[in-house]
Each structure stands twice: as structure tokens, then as C-alpha cells.
Amino acid sequence: YIMVYGTSAALLLGSANPWLVIPISLWFVGYLTLLRLFVPRMRDLARESSEARSLVMARVVDSYTNIQTVKLFARLADEDAYVREVIDEHQGAIGAHMRLISQFMFALSLMNAALLTGTAAIGIWLWAQGTVSAGVVATALPLAWQITNVAGWVSWEVTGIFENIGVVQEGMQ
């Protein structure tokens, strides 16, 4: 969807003036690079956080399943430490995953801002030179804005798919 929309926008703006295609082209290269860099790492971190969540559930269930034995023979501090250890690991795994997602969203926001700013700057420059009309500039900005909106949606879908793959891989192990 984003490729079709981006290609259509580039063709439409390119027919008005080839300079208007530069921000969109650079943005697409950056977007594909961003996905290539972040999505596999998100998948791996999703697998790790899923594994940590499984360990938390296993230890909590183990404690409750053996509650009578625990109450009779275990020391409370040992049982707390047994569960706390995996909860801390889980928190660390989730924290790493959320940090990566935050970095991804920050980078995407910067790229989106650069696309809008670059399109506006080139459009205004071309309009000031009399090369394009104000209507072309008025068309270019909403097209660029829509690309940025669709990019957020597509990136969440792509990362969601790969994160789910990581969770399924962990479950299969």
C-alpha cells in the first residue's frame, strides 16, 4: 500500500517538477533502511521477552502448585528470591524491547519531519522561482503528509508480524 501510494505521489509530483521527487525518494530509502535495521532486532527482543514471560509464569505456577510443600519446608526469602529473579529478568527484557521501539519511533518521526520539511522547502523554493504553481505546492504537502501517516501504520504492522514470529519461535522451543 505504501509503495503504491508513494510511487503514485512521486509520479504525480515528478510530472510537475522532478525536484519534488527527491524528498520522497530519500525518505523511502531511509524508511526501508530503518525497517531493515530495526525489525529483526525487534523480533529477537520479542522472542527474549516472551521467553522471560514464560519463565515468570512457570515459576509462579510452580510456587502455587507446590504451595503446601513450600509452606512446610521452604524459607520465604528463598521462594521470594526464586520468583523475583525471573521477574527482574522479564523486566529487563521488556525494557530493552521498549527502548528499541522508542528508538525506532523516534527515528521514524525524524524521517517523517524531514520529508515534510524537505517537501515544503523545495516546493516553496520552486514556487518562489515561478517554476511551479501554488497548487502544486498545496498538492505536494498533503501527499507527503499522507505518506508519513501510512508509514507509521505500515511499520507497526510489519514490526507486529515479526514480533509475533519471535513469540511463536520461542513457543516452539
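Predicted model: local features only at pLDDT ≥ 70, side-chain atom pairs only at ≥ 80, totals over all residues.
Residues are numbered from 1 along each chain as its sequence is written, and side-chain values use heavy atoms, with hydrogens and water left out.

Helices here are DSSP runs of H or I with at least four residues, numbered from the N terminus. Two packed helices are described by the angle between their axes and the distance between the axes. The axes are lines fitted to C-alpha atoms over the stretch in contact, and the angles run from 0 to 180 degrees between N-to-C directions. For H2 and H5 (residues 134-172), the angle is about 30° and the axes are 7 Å apart. That makes the two helices roughly parallel, a label for angles under 35 degrees, with roughly antiparallel kept for those over 145. The contact of H2 with H5 has 14 nonpolar, six polar and six charged residues; Ala, Val, Leu, Ile, Met, Phe, Trp, Tyr, Cys and Pro count as nonpolar, Asp, Glu, Lys and Arg as charged, and the others, Gly among them, as polar.

Then there is H1. The axes of H1 and H2 come within 9 Å and cross at roughly 160°, so H1 and H2 are roughly antiparallel. On the H1 side, the contact (heavy atoms within 4.5 Å) uses residues including Ile 2, Met 3 and Leu 13, and H2 brings in Trp 27, Phe 28 and Tyr 31, among others. Sorted by class, this contact of H1 with H2 has 10 nonpolar, two polar and no charged residues. The crossing of H1 and H2 is left-handed.

H1 also packs against H5, at about 165° and with the axes 10 Å apart, so this pair is roughly antiparallel as well. The crossing of H1 and H5 is left-handed. Among the residues making the contact are Tyr 5, Ala 9 and Leu 12 of H1, and Pro 142, Leu 143 and Ile 147 of H5. The tally for H1 with H5 is 14 nonpolar, three polar and no charged residues.

Leu 143, found in helix H5, counts as buried because its relative accessibility is 14%; buried means under 20% relative accessible area, exposed over 50% and partly exposed in between, with a 1.4 Å probe and protein chains only. Setting aside neighbours within four places in sequence, Leu 143 is in contact with Tyr 5, Ala 9, Leu 12 and Leu 13.

Over in the loop between H1 (2-16) and H2 (21-65) sits Asn 17, another buried residue, at 6% relative accessibility. A polar atom of the Asn 17 side chain lies 2.9 Å from the backbone nitrogen of Trp 19. Not counting residues up to four places away in sequence, Asn 17 touches Leu 126, Thr 131 and Val 132.

Arg 41, by contrast, lies in helix H2 and is partly exposed, with a relative accessible area of 41%. Again leaving out residues up to four places away, Arg 41 touches Leu 100 and Gln 103. Its C-alpha is 9.8 Å from that of Ile 101, which is 60 residues away along the chain.

Technical notes
Polar contact = N/O pair within 3.5 Å; in protein donor to acceptor, adjacent residues only side chain to side chain. Parallel < 35°, antiparallel > 145°, perpendicular 65-115°, else oblique. Left-handed = near helix turned anticlockwise from the far one by under 90°.
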